[in-house]
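Here are a few exercises to work through with the model open beside you. Try each task before you read its solution.

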Amino acid sequence: YTRNNLDMKMKNARDALAWLSEQMNALSTKVRDSSMALQNYRVKAGIVGLKEQREITTGKIMNFNKAYLEVQAERLAVEAKLKEIQAIAKDPTGAQSLFIVADNPMIQKLKEQASQLRIEVSKALETLGPKHPRIIELRAQAQEVQKKLDAEIQTMLQAVNTELRVARARENALLQNVERLRQEAQQFNEKEIDYQGLEREVNSN
């Protein structure tokens, strides 16, 4: 009886040891497979490191956001300038006092000439008739100066329109970059979730 009992215990011990060996082998295989899956995902997803990747993405978004806001402010300033020039184009005589013409030396010069000629015509009319040769001459000069002033205003208008198109193009390009980075950030968050899941599996094993 004692020998049979001992043999039974030995058999149970051998069976338990065999079962434990099988479990250890299976667990080792599972750890190896999960570690390999984690490494493969790290390579496939291009994960440099969770902290480093997060810092890189965040830095890019901040830089592009800053540049976008700056360009947006520039575009708004150009639009305001365009509105003022359009007002000048519609009413050159009444709008010549706007401060924006001071930025263009030629416009400023022509404005002064036009103003001086108007004064001369007014003074001459005090003693001369409207058909007097001197009056006719002064008015002809005033018309010529006004034509040059109108042409200069149109040139400025075209230049500001071009400036506005460039500003809008830059703004749109930066906005697209910001949206692209936001999508990349979202994709990274999804990758991070998958990565952390695989990492937990490795740690659990």
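**Exercise 1.** Which residues in H4 are buried?

*Solution.* Keep in mind that this is a predicted model.
Step 1: find helix H4, which covers residues 105–125. Its 21 residues reach 30 Å from the first C-alpha to the last, close to the 30 Å expected at 1.5 Å a residue.
Step 2: apply the cut-off for buried, under 20% relative accessible area. In H4 this picks out Ile107, Leu110, Ala114, Leu117, Val121 and Ala124.
Step 3: recall that an α-helix has 3.6 residues a turn, so residues three or four places apart point the same way.
Step 4: look down the axis of H4; the buried residues fall within an arc of 115°, so they line one face of the helix. Pro105 and Lys123, on the other side of H4, are exposed.

**Exercise 2.** Place Leu164 in the fold: is Leu164 buried or exposed, and which residues is Leu164 in contact with, leaving aside neighbours within four places in sequence?

*Solution.* Step 1: locate Leu164 in helix H5, residues 133–204.
Step 1: check accessibility; Leu164 has a value of 4%, so Leu164 counts as buried.
Step 2: list the contacts, which are Arg75, Val78, Glu79 and Leu82.
Step 3: compare sequence and space for one of these. Arg75 lies 89 residues from Leu164 along the chain, yet their C-alpha atoms are separated by 6.4 Å.

**Exercise 3.** Describe the protein as a whole.

*Solution.* Step 1: count elements, which gives five helices and zero strands.
Step 1: turn to burial; 24% of the 205 residues count as buried.
Step 2: take contacts between residues at least 6 apart in sequence; 74% of them join residues at least 24 apart.

Notes:
Residues numbered from 1 in each chain as written. Predicted model: local features only at pLDDT ≥ 70, side-chain atom pairs only at ≥ 80, totals over all residues. Heavy atoms only, no water. Helix = DSSP H or I, 4+ residues; strand = E, 2+ residues; numbered from the N terminus. Buried < 20%, exposed > 50% of the residue type's maximum accessible area, 1.4 Å probe, protein only. Contact = heavy atoms within 4.5 Å. Expected span 1.5 Å × (residues − 1). Arc of directions from axis to C-beta.
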